[in-house]
Structure formats: structure tokens, C-alpha cells
Amino acid sequence: MADSVPEEKFSLKEVLITFQSCLTDNQEILTDSYVNGWRGLVRFMNSLGSIFSFISKDAVNKIQIMVTHQNGENGDKYETLQSMVKYELDNNLVDLQRRAEHPESGCRTLLRLHRALRWLELFLEKLRTSTEDSKTSVMCTDAYNDSLAQYHAWIIRKAATMAFCALPGRAAFFQTMNVGSTEQVVAMLGEAMPFISKVYEITEELYKQHNLLELP
């Protein structure tokens, strides 16, 4: 009978609040909350059809790798991003120069999610500050070009740009978020985006300190 229970209605607000809960009092990032936030972002992307499938499918794969690390015998070392980085570097579990023995290290896996989070952060911020006649396809493409595009091959970049042309208009996009009126969506994004940005900035600085931003 459990299979007949309908899935809860998606709301982007709940997803962004999850990222708010990522941060501890001493500004460390809880891996579990980060992964849960990404599960919600995947639901958000999938709610728009197959447009973002090239990103969401990869994100699902990365989420599963992180869950495997969290559930492994050294799962306690993956409680925060900071403890994960320290553990993997101290134990030579990261391929720093080329993909070799540890292609699914937590550091490499989370870096891919981190890069994609930057794209979503930029896109959502553009949506927040957009006007009624703004084109979502243009906003999404600009955000992509300023973030993820540099890590993708030309054929993927071309396919992505074409896919973005199929995005719904701004009003339909806001309706997909299931937050309420346009004003409510803009207000919600205004409250939530600083937390997304903070999570991104702390991760970026952590990886920068350890020279991990260009992991192969």
C-alpha cells in the first residue's frame, strides 16, 4: 500500500532551507544536509522535464557516491566537508594530478556538485532580479557560460545551450517552484540565496586552500 502514497508536492523553498541547515555554528558544512539539498535540486531540475537531464543525471551519480562514503566504515570522517578533505588528503585518497586510483574520492565528487551549484546559484539569482519580460533561456545560458561551461566539452555546451531554449517562461518557471505568487518567489529567493552563496563560498575557499579546485 505504501507505493500508492503520492509524492509530496515539490517546493523550492524547502530545498533552499536545507542548504541553510548545512552550516554549523563554526561555519563547517554538514555533508548530509548538502547531499539532501542536492536531492531537492535534482527534483527541481527534473520537474522541468529533460532540459537539465545532462546535469541532473550526473548529480544523481555524484550523490550516490557521497552516500556510499557516508555509509562506509569511515563514514564519520565524512560528517563535514572539512573533515572529509582532511581525512582524504591525510590518507592519500585523492588523485591530485590525474584520475588513477581514486576516481570516486569524496573531494573529486563533491567538486563536481560544487561547480554545478555555482550555475544554479547564478541562475536563481538572475531569476530573482529579473523582470516580467526577461527570458529564462538567456538567463540560464548566461549563468551556464559563467560557470559549468568551462568544464564541459564543446558538444555538451552546444547541446546544453539548445536545451535551454526550451525553458518555460518566467511566470511558468515561478509556478513550477510551488512557492506562491511572483512576489512570494522573489522574496523567498531573497531570503535563501545568501545561504546558498555562503555554502558555495566556504566550499570554494576550503578547496582553494588545499589546491583542490582543478581536480582531474
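1. Surface first. The accessible surface of the chain is about 11400 Å². Carbon and sulfur atoms contribute 49% of that area. Note that this is a predicted model, and the values here are computed from it.

2. Burial. The chain has 216 residues, and 46% of them count as buried. The cut-off for buried is under 20% relative accessible area.

3. Secondary structure. The chain has nine helices and zero strands. Read along the sequence, the pattern is α-α-α-α-α-α-α-α-α. The radius of gyration is 18 Å, close to the 17 Å from the globule rule for 216 residues, so the chain is as compact as a globular protein of that length.

4. Overall dimensions. Along the principal axes, the C-alpha atoms fill a box of roughly 50 × 45 × 40 Å.

5. UniProt lists residues 29–178 as "domain: Glycolipid transfer protein", in an unreviewed entry. Over this stretch the chain is 64% helix and 0% strand.

6. Charges. How many positive and negative charges does the chain carry, and how far apart are their mean positions? There are 22 positive and 28 negative charges, and their mean positions are 6 Å apart. Lys and Arg count as positive here, Asp and Glu as negative.

Technical notes:
Residues are numbered from 1 along each chain as its sequence is written. This is a predicted model: local features need pLDDT of at least 70, side-chain atom pairs count only at pLDDT 80 or more; totals for chains, interfaces and linings use all residues. Side-chain values use heavy atoms; hydrogens and water are left out. UniProt positions are given in the numbering used here, feature names are shortened, and annotations may be inferred rather than shown by experiment. Helices (H or I, at least four residues) and strands (E, at least two) are DSSP runs, numbered from the N terminus. The radius of gyration is taken over C-alpha atoms; the globule rule is 2.2 Å times the number of residues to the power 0.38. Buried means under 20% relative accessible area, exposed over 50%, partly exposed in between (1.4 Å probe, protein chains only). Accessible areas come from the Shrake-Rupley method with a 1.4 Å probe; for residues, only the protein chains shown count as cover. The place of a charge is taken as NZ of Lys, CZ of Arg, CG of Asp or CD of Glu.
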